[in-house]
Amino acid sequence: MEQLPPDKIIVLYDGECGLCNRAVRFLLREDPADRFRFVSQQAELGKSILRHIGYSTQTSDTIVVYQPNVAYYIQSEAVFYICKHASSKLKLVLVFQVLPRIILNFMYSCVAKNRYSWFGKTDLCVFPDPANADKFLS
């Protein structure tokens, strides 16, 4: 696995998912402190990270947030971790952390299961803006 930036939060997303691609574009705008780096779960580096943390490379049904050599997060826990480290307006989402994890992950799973039919499926991830190319790991 290539050397990952140790001070960055690596967001592994489904590069074929319309919702995920929109979420990445949104996060690019909501990252004023330049904390996030992105990699598609379908990319070789994405698969390598998933294998490293012991997560299946055969499914892309959840966002995975990886803090190199620290921890990783999936499902609602990953969403809250992102919101905690993004712009101040995303911190408002953290109020939902009071809900039981089982309910949050159930809701997350419902969206994940229907994401292609609701938001479409793309053949590949498109960089939102060439100015942000350095935020994407390959």
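How many of the five residues of strand β2 (residues 36–40) are buried? In this predicted model, β2 is mostly covered, with five of its five residues buried, where buried means under 20% relative accessible area with a 1.4 Å probe and protein chains only. Local features need pLDDT of at least 70 and side-chain atom pairs count only at pLDDT 80 or more, while totals for chains, interfaces and linings use all residues. Residues are numbered from 1 along each chain as its sequence is written, and side-chain values use heavy atoms, leaving out hydrogens and water.

**Sheet**
- The open sheet of four strands has the order β2-β1-β3-β4 with mixed pairing, and two strands pair if DSSP finds at least two bridges between them.
- Because β2 and β4 (71–74) stand at the edges with a single partner strand each, one side of each is left without a neighbour in the sheet.
- Strand β1 (residues 9–13) runs parallel to β2 and is joined to it by five bridges, V11 having F38 as its bridge partner in β2.
- Strand β3 (residues 64–67) pairs with β4 in the antiparallel sense over four bridges, and Q67 stands opposite A71 in β4.

**Strand β2**
- From β2, F36, F38 and S40 point one way and R37 and V39 the other way, and all are buried.

**Helices α3 and α4**
- The axes, lines fitted to C-alpha atoms over the stretch in contact, of helix α3 (residues 75–85) and helix α4 (residues 101–119) come within 7 Å and cross at roughly 95°.
- Q75, S76, E77, V79 and F80 in α3 meet R101, L104, N105, Y108 and S109 in α4, with contact meaning heavy atoms within 4.5 Å.

Technical notes:
Axes fitted to C-alpha atoms, helices over the stretch in contact; angles between N-to-C directions. Helix = DSSP H or I, 4+ residues; strand = E, 2+ residues; numbered from the N terminus. Buried < 20%, exposed > 50% of the residue type's maximum accessible area, 1.4 Å probe, protein only.
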